[in-house]
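Colleague: Could you walk me through this model? I'd like to begin with the ligand and its surroundings.

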Amino acid sequence: MNYELYIITDQRISYGRSHLEVAKAAIAGGATIIQFRDKEMKDSEAIEVCREIHKLTSRKGIPFIVNDRVEVAKAVDAEGVHLGQEDAPLNFARKVLDKDKIIGISVETVEEALKAAEGGADYLGVGPIYPTATKPDAGGALGVFRLKEIKDSVNIPVVAIGGINEENLEEVLKAGADGVAVISAVVSAPDITEACRRIKNKIESIKKKLKNSI
Ligand code: TZP
Ligand code: MG
């Protein structure tokens with residue numbers, strides 16, 4: 001799994017572009033994972049949309065993750081599901097989904113991270129690292145020190161989320177993130193593909209630099 005550039009769709013801030021259009025444009029710009037995230041859509045419609053996105057990601061060889069909705073992930077045979085602390089528990093998702101499916105868990109503290117890792121999570125989403133308007137109910141910004149603490153406490157991939165853009169990428173990667181999950185910096189950009197490509201190029205060059213400095 002390549003968690004480098006994890007793009008999450010959001011139709012509320014995409015200026016009229018559908019989940020599928022966002023996914024397509026992000027893949028063209030180098031997204032390595034696509035997550036469907038929609039808090040309002042009915043499951044019946046979400047299944048239809050996710051089926052289309054999954055067709056696309058499968059053609060491109062990119063994993064597709066569904067946010068919150070275990071049954072939708074199951075219905076479209078997505079590669080996995082992403083769950084927050086208040087969503088269905090990890091062991092429920094593990095039971096419902098096939099063994100090889102990816103389960104990601106959102107965490108804010110080392111304690112939550114250890115619990116998720118011990119419970120068999122495949123990766124962690126850590127955030128919000130920076131302030132963000134995209135998830136108004138998120139807690140306060142955690143900062144990169146917390147990110148590093150969490151990364152150092154577990155042996156599974158850690159994806160940083162929340163307010164991530166070209167300007168703060170380096171700080172986040174230096175703190176040890178295996179990848180970044182991005183919504184507004186890509187989904188709200190006038191040219192999604194171009195925004196993705198710029199972030200991707202920057203990740204690659206930062207990673208190269210960090211590798212050479214070891
Ligand atoms: N979880 C923590 S912060 C966040 C989520 C879903 C929103 C991230 O969106 P953005 O626009 O990249 O800050
Ligand atoms: Mg959730």
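Modeller: The shell around ligand 1 is made up of 4 nonpolar, 5 polar and 2 charged residues, where Ala, Val, Leu, Ile, Met, Phe, Trp, Tyr, Cys and Pro count as nonpolar, Asp, Glu, Lys and Arg as charged, and the others, Gly among them, as polar. Please keep in mind that this is a predicted model, in which local features need pLDDT of at least 70 and side-chain atom pairs count only at pLDDT 80 or more, while totals for chains, interfaces and linings use all residues. Residues are numbered from 1 along each chain as its sequence is written, chains are lettered from A and ligands numbered from 1 in the order in which they are written, and side-chain values use heavy atoms, with hydrogens and water left out.

Colleague: Which residues surround ligand 1?

Modeller: Among them are Arg37, Pro128, Thr132, Thr134, Lys135 and Ile183, a residue being near if one of its heavy atoms lies within 4 Å of the molecule.

Colleague: And which polar side-chain atoms lie by an oxygen atom of ligand 1?

Modeller: One belongs to Thr132, at 2.6 Å from an oxygen atom of the ligand, and one to Thr134, at 2.5 Å; a polar contact is a pair of N or O atoms within 3.5 Å. A polar backbone atom of Ile183 is also 2.9 Å from an oxygen atom of ligand 1.

Colleague: How much of ligand 1 does the protein cover?

Modeller: The protein covers 93% of the 370 Å² of accessible area that the ligand has on its own, as given by the Shrake-Rupley method with a 1.4 Å probe.

Colleague: Back to Pro128, what is its peptide bond like?

Modeller: The bond from Gly127 to Pro128 is cis, with omega near 0°, whereas most peptide bonds are trans.

Colleague: New topic: how many aromatic pairs are there?

Modeller: A search of the whole structure finds 2, counting rings of Phe, Tyr and Trp (its six-membered ring) with centres within 6.5 Å. The rings of Tyr3 and Tyr123 have centres 5.0 Å apart and planes at 45°, so this pair is tilted, as planes under 30 degrees apart count as stacked and over 60 as edge-to-face.

Colleague: How many residues apart are Tyr3 and Tyr123?

Modeller: They are 120 residues apart, so to speak linking distant parts of the chain.

Note on methods
A polar contact is a pair of N or O atoms within 3.5 Å; within protein, one must be able to donate a hydrogen and the other to accept it, and residues adjacent in sequence count only if both atoms are side-chain atoms. Helices (H or I, at least four residues) and strands (E, at least two) are DSSP runs, numbered from the N terminus.
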